[in-house]
Amino acid sequence: MTGRGAVVVGGTRGIGLAVAELLAGHGAGVVVNGRAPDAVSEAVQRIPNAVGMAGSPAEPELADALIDKCVDEFGRIDILVNCAGTAGLAAESILNITSAQFRDLLDAHLGTVFETCRAAAPRMVAQGGGSIVNTSSFAFLGDYGGTGYPAGKGGVNALTMALAAELKQHGVRANVVCPGAKTRLSTGQEYQDHIEALNRRGLLDDASTRAALDAPPPEYVAPTYAYLAGDLAEEVTGQIFIAAGGFVGRFDRPAPAVIAYRDHRDSPPWSVDELHELIRKG
C-alpha cells in the first residue's frame with residue numbers, strides 16, 4: 001500500500017485504531033479521525049505516516065475536509081474505512097425510545113458512512129479506483145433487539161451494496177465487515193448485563209452469548225479490513241463479511257424463495273385464505 005492515501009473514521013480506538021496501524025504498517029499514509037482531539041493526537045503519535053482530524057464526519061463539511069486532507073497530505077484517497085459508531089442504548093426498545101434518540105443513532109452510524117462515502121466516491125472515480133470498507137454488525141439481523149442501532153447497521157449494508165453496484169464500472173469497490181472484538185463498546189458491567197438479558201429473553205443463543213462476552217482483541221479483526229482495502233481483493237466488491245477472532249465468514253446475498261406463482265394475465269389475485277394456506281405450508 002506504499003503511496004496510497006487512507007482515511008480511517010473512528011481510528012482512535014478499538015478496531016479503527018488497529019486498522020489504521022495495520023494500513024500504515026503496509027505503507028499507506030493514514031488520516032485518523034475521531035471525535036475527541038486528545039484521542040486523535042494520541043493515535044497519530046503511535047502511527048507512522050499518520051495525520052489527524054477531530055470531529056464528527058456526520059457533518060458534511062467535516063466529511064469533505066477529511067477527504068481533502070488525505071489528498072493534500074498523500075496526493076490521493078485510495079482507501080476509506082468507516083469504523084465509527086456508538087453502542088446501542090439499553091433503553092432503545094421501540095416501547096420507550098424517543099424520536100431524537102433514534103435519529104441520533106441513525107446519524108452516528110448510517111449518517112457518518114453516507115457523508116464520508118459521498119465525499120470520497122467522486123475523488124476515487126476521478127483517479128480510477130479505490131476501496132471503501134464500512135462497518136456493520138450482526139445486530140442488523142434484529143437478534144440483539146433495539147431499534148436505532150440495528151436500523152443504522154442495516155442501512156449501512158444496503159448503502160454499501162448500492163455503492164458497489166454503481167461504482168464497479170469505475171474501479172471503486174465497496175464491502176462491509178461485521179466484526180466481533182473486545183472494545184470499549186463491548187466491555188463493562190452494563191454491556192455484560194445487556195448480553196445476558198438478551199440470552200434470557202431468547203434473542204441470543206448460548207454460543208453467541210459466550211462469544212460476545214469473550215471477544216478477541218481488535219488486532220484479530222483488522223486484517224480483514226486491510227485485505228479488502230488492498231489489491232489482493234481487487235475482484236471483491238458488494239459483499240458482507242464476518243470477522244470475529246479466528247472466524248471469517250460471509251453473509252449470502254438475500255434471494256427470494258418462491259412460495260407460489262400464477263400468471264396475473266389469466267388468474268385472479270390470491271385471496272386472503274389462499275395466502276394463509278400457502279404461507280402456512282411453505
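Student: Where is the place of V31?

Tutor: Good place to start, and do keep in mind that this is a predicted model. Look for V31 among the strands: its place is in β2.

Student: Is V31 buried or exposed?

Tutor: A residue counts as buried when its relative accessible area is under 20%. V31 has a relative accessibility of 0%, so the word for V31 is buried.

Student: Which residues of α3 are buried, and on what side of the helix are they?

Tutor: In α3, the buried residues are L62, A63, L66, I67, C70 and F74. Around the axis they cover an arc of only 140°, which means that they lie on the same side of α3.

Student: What do the buried residues of α3 pack against?

Tutor: Let's first look at the other face. Turned away from the buried side, that face carries the exposed residues E61 and D72. The buried residues, for their part, pack against β1 (5-9), β2 (29-34), β3 (50-54) and α4 (99-127).

Student: How far apart are the end C-alpha atoms of α3, and what should the helix span?

Tutor: Helix α3 runs over residues 60-74, which makes 15 residues. At 1.5 Å a residue, α3 should span 21 Å. The distance between its end C-alpha atoms agrees with that, because it is 21 Å.

Student: Which residue just after α3 takes a positive phi?

Tutor: Look just past the end of the helix. The phi there is about 85°, and the residue is G75.

Student: How do α3 and α4 pack, and what word describes their angle?

Tutor: Two packed helices are described by the angle between their axes and the distance between the axes. For α3 and α4 the angle is about 40°, and the axes are 8 Å apart. That angle makes α3, relative to α4, oblique.

Student: Which residues of α4 meet α3?

Tutor: α3 passes α4 in a right-handed crossing. From α3, the residues taking part are P60, A63, D64, I67, D68 and V71. They meet, in α4, E115, T116, R118, A119, A120 and R123.

Note on methods
Residues are numbered from 1 along each chain as its sequence is written. This is a predicted model: local features need pLDDT of at least 70, side-chain atom pairs count only at pLDDT 80 or more; totals for chains, interfaces and linings use all residues. Side-chain values use heavy atoms; hydrogens and water are left out. Helices (H or I, at least four residues) and strands (E, at least two) are DSSP runs, numbered from the N terminus. The expected span of a helix is 1.5 Å times one less than its number of residues. Buried means under 20% relative accessible area, exposed over 50%, partly exposed in between (1.4 Å probe, protein chains only). The arc is that of the directions from the helix axis to the C-beta atoms. Contact means heavy atoms within 4.5 Å. Axes are lines fitted to C-alpha atoms, for helices over the stretch in contact, and angles run from 0 to 180 degrees between N-to-C directions. Angles under 35 degrees count as roughly parallel, over 145 as roughly antiparallel, 65 to 115 as roughly perpendicular and the rest as oblique. A crossing is left-handed if the near helix is turned anticlockwise from the far one by less than a right angle, and right-handed if clockwise.
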